[in-house]
Each structure stands twice: as structure tokens, then as C-alpha cells.
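User: I would like to learn how to read the ligand sites and a helix in a model. Please take me through them step by step.

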Amino acid sequence: MRKKIIALDGPAGAGKSSVSKMVAKRLNCTYLDTGAMYRAITYEALKRNISEEKEIVQMVENLNMDICAKEDTMHVFIEGEDITQYLRTSEVSSNVSRISAFQGVRNAMVKLQRKVAEKGNAVLDGRDIGTVVLPDADLKIFLTASVHTRALRRYKELKDTDTTLERIEEEIKRRDNLDMTRKISPLRKADDAILLDNSDLTLEETADKIISYWKKVSE
Ligand code: CDP
Ligand code: CDP
């Protein structure tokens with residue numbers, strides 16, 4: 001039986017993690033949220049109050065990071081502590097693009113990501129999966145949606161905060177811009193990736209489309 005590797009890249013709020021989870025479940029695959037790994041490094045650097053590239057890379061090279069899928073969520077452990085609940089705070093979100101642009105950080109994360117993919121039957125979502133991490137993936141999707149749609153989706157998730165839709169939209173634009181313009185592994189569509197704009201699609205419809213692409217490539 002063929003080993004499935006699906007790479008799903010795209011900007012913030014495109015639906016990558018929700019859709020990847022659905023696709024992985026339906027195809028009986030492992031799901032790896034690579035953004036959570038960069039968020040975990042960012043969380044740890046903030047906790048230790050370090051911001052210089054050299055110090056952060058040194059921290060990463062000596063860090064004991066474990067990833068494990070529990071029920072529907074991917075959990076990240078650092079030095080044995082489950083830090084998953086801290087990964088999506090606005091402080092982590094606003095610092096993650098700066099820290100994930102460091103080559104030493106990326107080298108360590110890519111190594112871990114390839115280890116997961118080596119076993120096969122995996123869906124990985126991120127920014128550089130189809131271009132850098134797994135250029136030989138069987139199926140590559142570049143999932144996107146309009147900035148307004150993506151901001152609205154995030155806004156709906158944050159019902160109880162005092163932030164505004166405009167502020168979320170600005171923050172998404174800022175992060176997309178940092179991710180697309182960085183020198184190392186920028187966010188871009190791989191030449192052989194399928195572009196899928198799901199601004200007008202539900203999660204289920206998006207997952208259905210990806211499964212149908214998968215059926216075509218695995219024929
Ligand atoms: O969920 P959302 O799309 O907002 O972000 P995420 O997937 O959790 O990724 C957070 C950040 O990590 C991104 O904005 C990138 O700066 C970085 N990232 C990356 O550089 N490479 C990846 N493969 C995944 C995430
Ligand atoms: O991982 P990424 O940042 O690309 O997006 P996500 O966290 O999976 O999705 C952001 C939010 O948009 C979630 O609340 C999804 O349920 C929602 N979403 C949606 O309602 N319809 C879609 N077609 C895609 C995402």
C-alpha cells in the first residue's frame with residue numbers, strides 16, 4: 001500500500017489545521033501541525049525572556065521537545081510539560097514570525113518534521129512543507145482565503161476578548177507579510193501545489209476537495 005504524504009501550506013486562518021485534521025482522520029493518517037512547533041519555541045523563548053537569535057538557537061538545540069496526538073489535538077511538551085494551552089496567546093502570535101525566521105530554529109524543526117513524515121501516512125500543515133520540508137510529498141495543497149474571511153474566522157474564535165475585527169485583520173496581514181518576505185523558507189505556493197481558495201467553502205467542502213485530489217494522485 002502506498003504511503004501517503006500530504007503537504008498543506010497557506011496563510012493564517014486559511015483553515016489548514018482544521019482541514020488537515022479532518023483529512024488525516026478520513027485517510028487514517030498522522031497529523032502534524034508544524035505551526036504549533038514554532039509557537040512552542042516562541043513560548044519558551046518568551047518564558048525564558050531571551051530574544052537574541054544566538055540565544056534562541058542555542059536553547060532550541062538543547063531543548064527536549066515532544067509532540068503527541070491526543071484525541072483531536074496535537075499536544076506539545078517541553079521538558080515534559082504540556083504547554084499546548086499557551087500556544088495561541090496573542091503574545092505568542094505576535095512574536096512567532098520573527099523567531100521562526102531564524103535558520104537555526106528552522107533546521108531543528110525541519111529535522112523533527114521529516115522524522116514524522118519518514119514513517120509515511122501523514123498530513124503536515126505549515127508554510128514551507130511543500131517547498132522545503134517535503135518537496136517530494138504525494139499531494140501538495142496551497143490553501144488560502146481572502147484576508148477579510150480569514151480575519152473574520154479568527155474573530156469568531158475570540159468571542160470573549162475586547163479585540164476588534166480590524167485589529168485581527170491588521171495582525172494577520174503583518175504576520176503574512178513577515179512570513180512571505182523572509183529570506184529563509186518564505187511562505188509561497190510550491191510550483192506543483194494545487195491552489196485552493198476556500199473563502200466560500202465550508203470546512204467539510206474543503207476537506208472533500210482535498211480527498212478527491214488525493215484519490216486522483218493515488219490512482
Ligand atoms: O494558525 P496560524 O495559521 O495562525 O499559524 P500557525 O500555523 O500556528 O503558524 C504560526 C507561525 O509559525 C506562522 O505565522 C509562521 O511564522 C511560523 N511557521 C513557519 O514559519 N513554518 C511553518 N512550517 C509553520 C509555521
Ligand atoms: O490553521 P489555520 O490558521 O490555517 O486555520 P484554522 O485554525 O484551521 O481555521 C481558522 C478558523 O476558521 C477555525 O475556527 C475554522 O473552524 C474556521 N474555518 C471555517 O469556518 N471555514 C473554513 N472553510 C475554514 C476555516
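User: How many residues surround ligand 1, and which are the closest?

Analyst: Keep in mind that this is a predicted model. A residue joins the shell when one of its heavy atoms lies within 4 Å of the ligand. Here 19 residues surround ligand 1, and R39, R88, R106, R175 and D179 are the closest. By class, ten of the shell residues are charged, six are polar and three are nonpolar.

User: Which helices each supply at least two residues of that shell, and which gives the most?

Analyst: Helices α2 (34-47), α4 (90-99) and α8 (165-181) each supply at least two residues. The most come from α2, with four residues.

User: What polar contacts does ligand 1 have with side chains?

Analyst: Look for pairs of N or O atoms within 3.5 Å. A nitrogen atom of ligand 1 sits 2.8 Å from an N or O atom in the D128 side chain. On the oxygen side, a polar side-chain atom of R154 is 2.8 Å from an oxygen atom of the ligand, and an N or O atom in the side chain of R182 is 2.9 Å from an oxygen atom of ligand 1. As for cover, ligand 1 taken alone exposes 530 Å², of which the protein buries 98%.

User: Which residues come nearest to ligand 2?

Analyst: The shell of ligand 2 holds 16 residues, and K16, S17, S18, R154 and E157 come nearest. Its classes are seven polar, five nonpolar and four charged residues. For contacts, a backbone N or O atom of G15 lies 2.9 Å from an oxygen atom of ligand 2. A polar side-chain atom of S17 is 2.8 Å from an oxygen atom of ligand 2, while one of N198 is 2.9 Å from a nitrogen atom of that ligand. Taken alone, ligand 2 exposes 540 Å², and the protein buries 81% of that. The elements giving two or more residues to this shell are α1, α7 (147-157) and α9 (203-217).

User: How far apart are the end C-alpha atoms of α1, and which of its residues are buried?

Analyst: An α-helix has 3.6 residues a turn, so residues three or four places apart point the same way. Helix α1 (residues 16-27) has twelve residues; at 1.5 Å a residue it should span 16 Å, and its end C-alpha atoms are 16 Å apart, which agrees. Its buried residues are K16, V19, S20, V23, A24 and L27. Seen down the axis of α1, these fall within an arc of 135°, so they line one face of the helix.

Key: Residues are numbered from 1 along each chain as its sequence is written. Chains are lettered from A and ligands numbered from 1 in the order in which they are written. This is a predicted model: local features need pLDDT of at least 70, side-chain atom pairs count only at pLDDT 80 or more; totals for chains, interfaces and linings use all residues. Side-chain values use heavy atoms; hydrogens and water are left out. A polar contact is a pair of N or O atoms within 3.5 Å; within protein, one must be able to donate a hydrogen and the other to accept it, and residues adjacent in sequence count only if both atoms are side-chain atoms. Accessible areas come from the Shrake-Rupley method with a 1.4 Å probe; for residues, only the protein chains shown count as cover. Ala, Val, Leu, Ile, Met, Phe, Trp, Tyr, Cys and Pro count as nonpolar, Asp, Glu, Lys and Arg as charged, and the others, Gly among them, as polar. The expected span of a helix is 1.5 Å times one less than its number of residues. Buried means under 20% relative accessible area, exposed over 50%, partly exposed in between (1.4 Å probe, protein chains only). The arc is that of the directions from the helix axis to the C-beta atoms.
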